[in-house]
Amino acid sequence: MDSVLLRVTDLTMRFGGLTAVNALSFEARRGEITSVIGPNGAGKTTVFNCITGFYQPTSGSIALTHPNGAAFQLQTLPGHRIARRARVARTFQNIRLFAGMTVLENLLVAQHNALMPNVGSGLLAVFGLGGHHAAEIVAIDRARGWLDRINLLPRADDPAGALPYGDQRRLEIARAMCTQPVLLCLDEPAAGLNPRESDALAALLKTIQADGCSVLLIEHDMGVVMRISDHIIVLDHGKLISDGDPAHVRADPNVIAAYLGEGDEDDPDVPLAAASDVPLAAAR
Amino acid sequence: MNPNLKDASISALVALGLFGPMIGLKTESGSIGLFLIPRPLALAAAVVAVFFGRLLLLTWRGQRPRGTQTNHKLAETIKRSGRFLTPALLTLAIVLPFISGRYGIDLGILVLTYVMLGWGLNIVVGLAGLLDLGYVAFYAVGAYSFALLAQTFGLGFWTCLPLAGLFAATWGVMLGFPVLRLRGDYLAIVTLAFGEIIRIVLLNAASITGGPNGISGIPRPTLFGLQFTAAGGHGSFTGFFESIGYPIEYSPTQRVAFLYYVILGLALLTNWVTLRLRRVALGRAWEALREDEVACRSLGINVTVTKLTAFAIGATFGGLAGAFFATRNAFISPESFTFIESAIVLAIVVLGGLGSQLGTALAAIVMIGGFEVFRDLADYRMLLFGLALVLIMVLRPRGLVSGRTPSVALGRRREISAELVAEGRG
């Protein structure tokens, strides 16, 4: 029980009459890659938005416990606090880089709070005071390290908007990692990547995990999910339908039914076992 | 039928409809009242002009390469000339009082005031991407706080200058709070209203501000305690030179030249602070905010505080410029702080290119200086002025100096093309 990093309890999110997430409870353990999967519209991104403070959940609690014991109730914190104090970083389904700023600047903006702990020190920095220069050297070093890891060092001074799509995806992950998070939430990082880029991404996520950062991953690319996940949570219509390791989830009839539709309603002749080959084939 | 010809014919038809009554008919007052004189030739000339004008425009457009590619060569030229332009402009600004007469210095002061206002607003609009249509409010707060402090407590210009900046910054934060949730058009409307509210309060709080009569007798700035007066004697500029053995003749130009250097110093201070801010975390956060507010939040940047600092620092420079305006004119009234001032300053920033310091300075010179130079043209200058603005926006839609210089680089800093840089949505 000690190893629980994130505990979501009875999370419900309603938009008017639409219940996007319905009494959802799950846990993510420290040092693991936890994947959240489910058909389109299952509420995965909504869960992410609740965790990272972009939505205020209708009810329920999201508790985060740092390895050092510091505990946070994320549903009570505003978004920037969640990133800064609770150290939860995220990426977006549609890439949100600062397109007009260089790759390096993107990574420095991510280290804003280290460079400028408060407004006063931010203003002192104008006059070269308050240790901004020293902090910036450290920040540039960290940025350089990340650029090296994602093979973007030669493009450090290019505008982020001019990078190819796959590079932008990796840069967004590096930018999130520059905030030195405890939990990294990735919203479909493999979307639009070719198989080789997906493999590189999976390898990158493994190294991030090895560095001690836990990962929460939304992904449709089952190849990536099954390969790197320690734990998978399956959502459908805002509800948890399966929870366990990849092998368990892959065999779960509920999951197969959710992905292919209820076999017994529209087409009673299709046996579940036969259908199960289709969506999860890539994982085998 | 050629689509261009067709388009031109339609334009000519519209022109016929519009110009028919306006140009084609002339009213003449005769002995028994008004009667109409038809002018078919003038009408035909106007319609033919529209037809060929439209045709030419379409042909030109058709031959122009697609997209924004055309601007790159121009941008490159401007950028290269920019390297020489900045020192040249600076040198000119420093030697101007020696090479020009009273009129030139006065014009210089006017232009520099707008350069400073432009640079101040550039922080809010250009860097943070928050559209502020009420910048004149801070200009007014600065001017009135100096005037009132001087009148009530007898404080001098140099004491009041930082106070005026501080007051304006306070108002900047006060404006900032309610508008933080607003974006784009809504932000523009509220800031516009804020500018008007300040002016109307100044107009109506007559017991404090003198209402429409304004405040007069505002003290002039001193040079290390030396005053610029014709009387001379101890404590005056000419008196000082007399006492050290180099007597000089008093001339009002000395005072004006001094004022010129004060505003030059203030403007350069604004520029320096802005350039420094761009290089540190705060300025980078503003630009990131302009690019993507949601991403900023996800990186732990407090969007509220960041926006407020942009408003406050932008307002500070507006306030400093306002204090200078008050001391230069020695008289202020709400008349000087109408919406048109905000519009001019915003036009300078947009015309110059959002976020560009050199562009803002150039735009201020063109807009304010050009406006004065063509004074002889009387009302036609408004027409020319509007035409010039339209032309610039057609040719260079992102302003004179578009593109963005990175704030930090591992290697050489390379200009980022304007197409990638966001303009901010409020």
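Val182(A) counts as buried because 21 C-beta neighbours lie inside 10 Å of it, where buried means 20 or more other C-beta atoms within 10 Å of the residue's own, exposed means 12 or fewer and partly exposed lies in between, with C-beta atoms placed from the backbone. The structure is a predicted model, in which local features need pLDDT of at least 70 and side-chain atom pairs count only at pLDDT 80 or more, while totals for chains, interfaces and linings use all residues. Residues are numbered from 1 along each chain as its sequence is written, and chains are lettered from A and ligands numbered from 1 in the order in which they are written.

Val182(A) is found in the loop that runs between helix H7 (165-177) and strand E7 of chain A; helices (H or I, at least four residues) and strands (E, at least two) are DSSP runs numbered from the N terminus. Leaving aside residues up to four places away in sequence, Val182(A) touches His66(A), Arg87(A), Val88(A), Cys213(A) and Ser214(A), a contact being a pair whose C-beta atoms, placed from the backbone, lie within 7 Å. From Val182(A) to His112(A) the C-alpha to C-alpha distance is 17 Å, across 70 residues of sequence.

Chain A is assigned domain 1 (1-87 + 181-284) and domain 2 (97-179), with bounds that come from an automatic or database domain assignment. Taken over C-alpha atoms, the centres of these two domains of chain A are separated by 28 Å. Their contact takes 11 residues from domain 1 of chain A and 10 residues from domain 2 of chain A. On the domain 1 side, helix H2 (79-84), strand E7 (183-187) and helix H8 (195-210) of chain A each give two or more residues, and H8(A) gives the most, with 3 residues.

Chain A also holds an open sheet of 4 strands in the order E2-E1-E4-E5, with antiparallel pairing, two strands being paired if DSSP finds at least two bridges between them. Strand E2 (18-29) and strand E5 (71-73) of chain A stand at the edges with a single partner strand each, so one side of each has no neighbour in the sheet. Strand E1 (residues 4-15) of chain A runs antiparallel to E2(A) and is joined to E2(A) by 8 bridges; the bridge partner of Met13(A) in E2(A) is Val21(A).

Between the chains, the contact takes 35 residues from chain B and 32 residues from chain A. On the chain B side, H11(B) gives the most, with 7 residues.

Methods:
Two residues are in contact if their C-beta atoms, placed from the backbone, lie within 7 Å.
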